[in-house]
Amino acid sequence: MLKQRVITALALLAILLPALFYTSTTPFTVVVLVLMAAGAWEWGRLSGFGQAGSVAVGAACVALCAGSWALGWVGRPLTGLWVVAGGLWVLAAAWLLKAGVPGWPRIPAAVRLVAGVLALWLAWLAVVQARNVGINFLLSVLLLVWVADIFAYFAGRAFGLRFTKGKLAPSISPGKSWEGVWGGLAGVIVMAFLWVAADGHWQAAVPSFYSRMAQQGWWLLVIAALFMVAMSVSGDLVESLIKRSAGVKDSSNLLPGHGGVLDRVDALLPTLPLAMMLTSLTTTAH
């Protein structure tokens with residue numbers, strides 16, 4: 001299993017890294033589009049569709065992404081869209097986590113299907129816009145999720161249930177603890193301050209997400225980092241809730257040793273649009 005995970009990870013990096021650092025943003029845009037199409041195909045399967053129906057769901061996601069690309073949305077300020085998307089993500093995540101696994105089937109199937117495709121489309125649009133802003137900015141958002149996940153894993157293993165009596169969401173993801181969440185928060189806060197210092201020291205041509213927040217005040221940097229980590233955890237829990245409702249362990253087997261695309265991007269689905277929302281609002285205010 002470990003060898004399989006390593007091989008898959010190296011193969012993904014071999015595709016993503018050249019596309020990310022290529023002088024034109026087109027290769028990265030296309031690679032992410034393929035990943036989101038695969039995620040939409042998985043979403044069709046989780047929604048109970050067969051192979052043909054799931055392919056149609058993937059095609060619908062591709063059509064949305066390609067259409068917005070053709071319309072030039074990837075290069076336009078979309079503050080209104082990001083505010084609406086961010087607000088809906090916060091409300092939807094809060095409702096779903098409160099309703100728990102039994103609440104998911106109560107949502108009309110058509111609403112669930114459309115919501116999933118829109119979430120993937122918004123994440124694609126957000127990550128492409130973030131890449132257009134600059135690599136430093138994009139990486140600062142992506143690493144927020146990854147650092148939160150890594151620190152949460154080790155903090156959970158080391159301190160899980162030592163300071164709290166209950167787990168984070170036992171009916172949704174029994175392995176997660178509040179200590180893990182606190183570890184993730186601490187890791188991201190430290191990274192955020194270090195990143196701001198690094199941007200200043202090396203006079204980054206493109207400020208990171210953290211530097212953009214810090215320009216409005218250190219208080220906003222801390223609040224934004226805490227909020228983003230909370231939504232990262234929420235995205236992870238929401239996908240776990242949906243998989244538990246569907247009775248599956250992974251969203252698919254597209255990524256050997258890693259499960260499916262949705263298993264790898266679940267925390268990014270809310271955080272990418274929210275990062276663009278916060279950046280758009282602070283840029284407008286500035």
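**View 1. Phe227 in helix α9 of the predicted model.** Phe227 is partly exposed, with a relative accessible area of 25%. The helix that holds Phe227, α9, covers residues 218–246. Leaving aside residues up to four places away in sequence, Phe227 touches Val90, Leu274 and Leu278. Leu274 is 47 residues from Phe227 along the chain, and the C-alpha atoms of these two residues are separated by 9.4 Å.

**View 2. The aromatic pair of Phe159 and Phe163.** The structure holds 9 aromatic pairs. In the pair of Phe159 and Phe163, the ring centres are 6.3 Å apart and the planes meet at 40°, so the pair counts as tilted. Phe159 is partly exposed, at a relative accessible area of 40%, whereas Phe163 is exposed, at 61%.

**View 3. The stacked pair of Phe193 and Trp218.** The distance from centre to centre is 5.2 Å, with 5° between the planes of Phe193 and Trp218. Phe193 lies in helix α7 and Trp218 in helix α9, so this pair ties together parts that are 25 residues apart in sequence. Phe193 is partly exposed, with a relative accessible area of 35%. Trp218 is also partly exposed, with a value of 46%.

**View 4. An aromatic cluster.** Four residues, Phe137, Trp195, Phe209 and Tyr210, form one aromatic cluster.

**View 5. Gln203 in the loop between α7 and α8.** Helix α7 spans 178–201 and helix α8 spans 209–214, with Gln203 in the loop between them. The phi angle of Gln203 is near 50°, a positive value in a residue other than glycine. Gln203 is exposed, with a relative accessible area of 69%.

Key: Residues are numbered from 1 along each chain as its sequence is written. This is a predicted model: local features need pLDDT of at least 70, side-chain atom pairs count only at pLDDT 80 or more; totals for chains, interfaces and linings use all residues. Side-chain values use heavy atoms; hydrogens and water are left out. Helices (H or I, at least four residues) and strands (E, at least two) are DSSP runs, numbered from the N terminus. Buried means under 20% relative accessible area, exposed over 50%, partly exposed in between (1.4 Å probe, protein chains only). Contact means heavy atoms within 4.5 Å. Rings of Phe, Tyr and Trp (its six-membered ring) pair if their centres lie within 6.5 Å; planes under 30 degrees apart count as stacked, over 60 as edge-to-face and the rest as tilted.
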